[in-house]
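The report that follows describes how the secondary-structure elements of a two-chain model are arranged, and it is meant to be read beside the coordinates.

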Amino acid sequence: MRIAIASGKGGTGKTTLATNLATMLAGRGTTVRLLDADVEEPDCHLFLHPVVERRDPVSVLVPAVDDERCTACGVCAEVCAFKAITLIGSTVLVFPELCHSCGACSLLCPEHAIVEEGRDTGVVEYGSVKAGVRPEFPLITGVLSVGEAKAVPTTRATIASLRGVDEDVVLIDAPPGTSCPVIEAVRGSDLVVLVTEPTPFGLHDLTLAVEMVRALGLRCVVAVNRADLGDDGVRRYCAAEGLEIVLELPNDRRIAEAYARGELLLDAVDGLEEMLGALWEHIVAAAYRLEVTS
Amino acid sequence: MTPPRELVVISGKGGTGKTSVVAAFAALAGGAVLADCDVDAADLHLVLHPELGQEHPFSGRRQAIIDPDACTACGRCAEVCRFAAVLGTPDDGYSVDPIACEGCELCRRICPAEAIRMEPVVNGAWMVSETRFGPLVHARLGVAEDNSGKLVTLVRNEARRVAQERGLPLVIVDGSPGIGCPVISSLAGADLVLAVTEPTVSGRHDLDRVLQVVRQFRLPFAVCVNKADLNPDLGEQIAAEATAAGAAFVASVAYDPAVTHAQVAGTDIIDYGGRAAAEITTVWEAVGDALLAAAERDVHDA
């Protein structure tokens, strides 16, 4: 079962939920794998301290021009829809950060003067988490290199690492927002848990996230963090849209302080284990309903 | 006339209070152009209640369309597409997945039957609205859409245009979380970058990453530690690191439930009042000094 944890608004508690849920499941003997797919700002490792066993670079293809063969005909610059190649005089200039790796330039070069070579834009780290007495579980982290604009190849590589894995449960910590990197992270999930807070910003961004999930043909449930803060707009919206609220986490100073220190709430806050256990039952029920209806 | 100055507010981590700070700055500036560049989750309008301006469609890309009547189902398009955007089989014919297509046009170029055309995809809208504090340039990116970087650039350019047109001296940009394409698009050429963070291990980690990007662009920056009393030791550590990295100033704002109450009441924190309002006012004064220093440096360099 693959569960993605996402949100429209940032800072609502995705990582808190993902890290504590994974640890709770591991403690109960469920085989679980956690993916940190928020590749721009991956934070799960700050709470789980994995031992990183392997690092695979994420490489994208960019054109390299063979000057011996190039006749400066300019076809490559003409066919590049992303303005990643220009011809200045008789020199072909490549701007690798604009390249989408579509391959048009190399395929259409009449002189076969363009080959594609790899350029690293991120890394996927394979780590193992040993949380106290609990059984170990894998944490896979996608990390976008600083200064790179395009997050999607690293997100895609992080998700692609799931091929052939055999854990019962895969949890994905997705980036905030509703655009391309989020879509790459949540696509293929059995259920998306949308984390929000009961404020006007939280509600507004939740509605966008729900639209995104529905546009992808996925089902979602809602977790409300700092539930006793703000107003009842989120609850009214969920009721009107038929969205199940699977968790209400209180606005508790102890929770905020434990998070600030980088501690798991499971270890710092009494009663959280039971709360997450109940949450998990709701998630499983919602995910299975999806399988029946689809 | 001197061109307008540009203050860009970012955070690395989401949910640190960028938008609340920007709304407060808008109130304090009394006559700046506001640009909501968090086009993925634009929230500034929720506290500024603008009178909405005319909507302009935004097209960030083009998409391939296969004409089923002209298509001979040779499958060449599906072979060359690197984005797995061409769906179908030789028996059923082919079509393009509009979400997966990146608009590279390679399929159109190689189609032997000339059955493929490119059409602009309208994937967002932008507008210039009027708030009680001045004009707001904001946008909406279609859900599940790409090219937020292009829309961010458009919003910033429009904000600068509006500032020049109306003789307003400052553009305040509400940026997006993260370090990727929308953030990079919101940074280029800024006069001052203010990073709003929080004293949590993730706030510190994410700030470090986004400040590396800011320094690659060699932009002057300052840091505001929000909810500073949540973990004073970590707050001080973040402040020390930011100062060592060359921050123009480091300010802090204590956690104040009034910030959330103001948001629920649909107003800015300055209007609502309280401790955070007073502290953000101090941050705003430091921003003014840093912008002035940047302007003087420019005059000196010129």
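Which strands and which helix are included in what covers the buried residues of helix 5 of chain A? The model is a predicted one, and in it the cover of the buried residues of helix 5 of chain A includes strand 2 (32–36), strand 3 (51–65), strand 6 (114–129), strand 7 (137–144) and helix 6 (180–186) of chain A.

## Helix 5 of chain A

Helix 5 of chain A spans residues 152–160 and is mostly covered, with 7 of its 9 residues buried. The buried residues in this helix are A:Val152, A:Pro153, A:Thr154, A:Thr155, A:Ala157, A:Thr158 and A:Ile159.

## The sheet of chain A

In chain A, 9 strands form an open sheet in the order 3-6-7-2-8-1-9-10-11, and the pairing is mixed. Strand 3 and strand 11 (245–248) of chain A stand at the edges and have a single partner strand each, so that one side of each is left without a neighbour in the sheet. On average, and with direction ignored, neighbouring strands of this sheet are turned by 20° against each other.

## Strand 1 of chain A and its partners

Strand 1 of chain A, residues 2–7, is mostly covered, since 5 of its 6 residues are buried. It pairs with strand 8 (residues 169–176) of chain A in the parallel sense over 5 bridges, and within this pairing A:Ile172 in strand 8 is the bridge partner of A:Ala4.

Strand 1 of chain A is also joined by 4 bridges to strand 9 (residues 191–196) of chain A, and these two strands run parallel. In strand 9 of chain A, A:Val193 is the bridge partner of A:Ile5, while A:Leu194 stands opposite A:Ala6.

## Helices 7 and 8 of chain A

From helix 7 of chain A the contact takes A:Pro200, A:Gly202, A:Leu203, A:Leu206, A:Thr207 and A:Val210, and from helix 8 of chain A it takes A:Gly233, A:Val234, A:Tyr237 and A:Glu241. By residue class, the contact of helix 7 with helix 8 of chain A divides into 6 nonpolar, 3 polar and 1 charged.

## The sheet of chain B

Chain B has an open sheet of 9 strands in the order 3-6-7-2-8-1-9-10-11, with mixed pairing. Strand 3 (55–66) and strand 11 (250–252) of chain B are at the edges, each with a single partner strand, so one side of each has no neighbour in the sheet. Neighbouring strands of this sheet are turned against each other by 20° on average, direction ignored.

Strand 1 (residues 5–10) and strand 8 (residues 170–174) of chain B run parallel and are joined by 5 bridges, with B:Val173 in strand 8 as the bridge partner of B:Val8. Helix 7 of chain B lies across strand 1, strand 9 (192–197) and strand 10 (221–225) of chain B, and runs at about 165° to strand 9 of chain B. Helix 11 (residues 275–301) of chain B packs on the sheet as well, touching strand 1, strand 9, strand 10 and strand 11 of chain B, with its direction at about 150° to that of strand 9 of chain B.

## Domains

For chain A, the domain assignment gives domain 1 (2–58 + 122–293) and domain 2 (67–112), and the C-alpha centres of these two domains lie 41 Å apart. For chain B, the assignment gives domain 1 (5–49 + 132–301) and domain 2 (61–122), and 42 Å separate the centres of these domains, taken over C-alpha atoms.

## The contact between the chains

Between the two chains, 48 residues of chain B are in contact with 51 residues of chain A. On the side of chain B that touches chain A, at least two residues are supplied by each of helix 4 (106–110), helix 5 (148–166), helix 6 (181–187), helix 7 (201–216) and helix 9 (258–264) of chain B. The largest share of that side, 8 residues, comes from helix 7 of chain B, and the residues of the side of chain B that touches chain A divide into 18 nonpolar, 19 polar and 11 charged.

Notes: Residues are numbered from 1 along each chain as its sequence is written. Chains are lettered from A and ligands numbered from 1 in the order in which they are written. This is a predicted model: local features need pLDDT of at least 70, side-chain atom pairs count only at pLDDT 80 or more; totals for chains, interfaces and linings use all residues. Two residues are in contact if their C-beta atoms, placed from the backbone, lie within 7 Å. Ala, Val, Leu, Ile, Met, Phe, Trp, Tyr, Cys and Pro count as nonpolar, Asp, Glu, Lys and Arg as charged, and the others, Gly among them, as polar. Domain bounds come from an automatic or database domain assignment. Two strands pair if DSSP finds at least two bridges between them. Axes are lines fitted to C-alpha atoms, for helices over the stretch in contact, and angles run from 0 to 180 degrees between N-to-C directions. A residue is buried if 20 or more other C-beta atoms lie within 10 Å of its own, exposed if 12 or fewer, and partly exposed in between; C-beta atoms are placed from the backbone.
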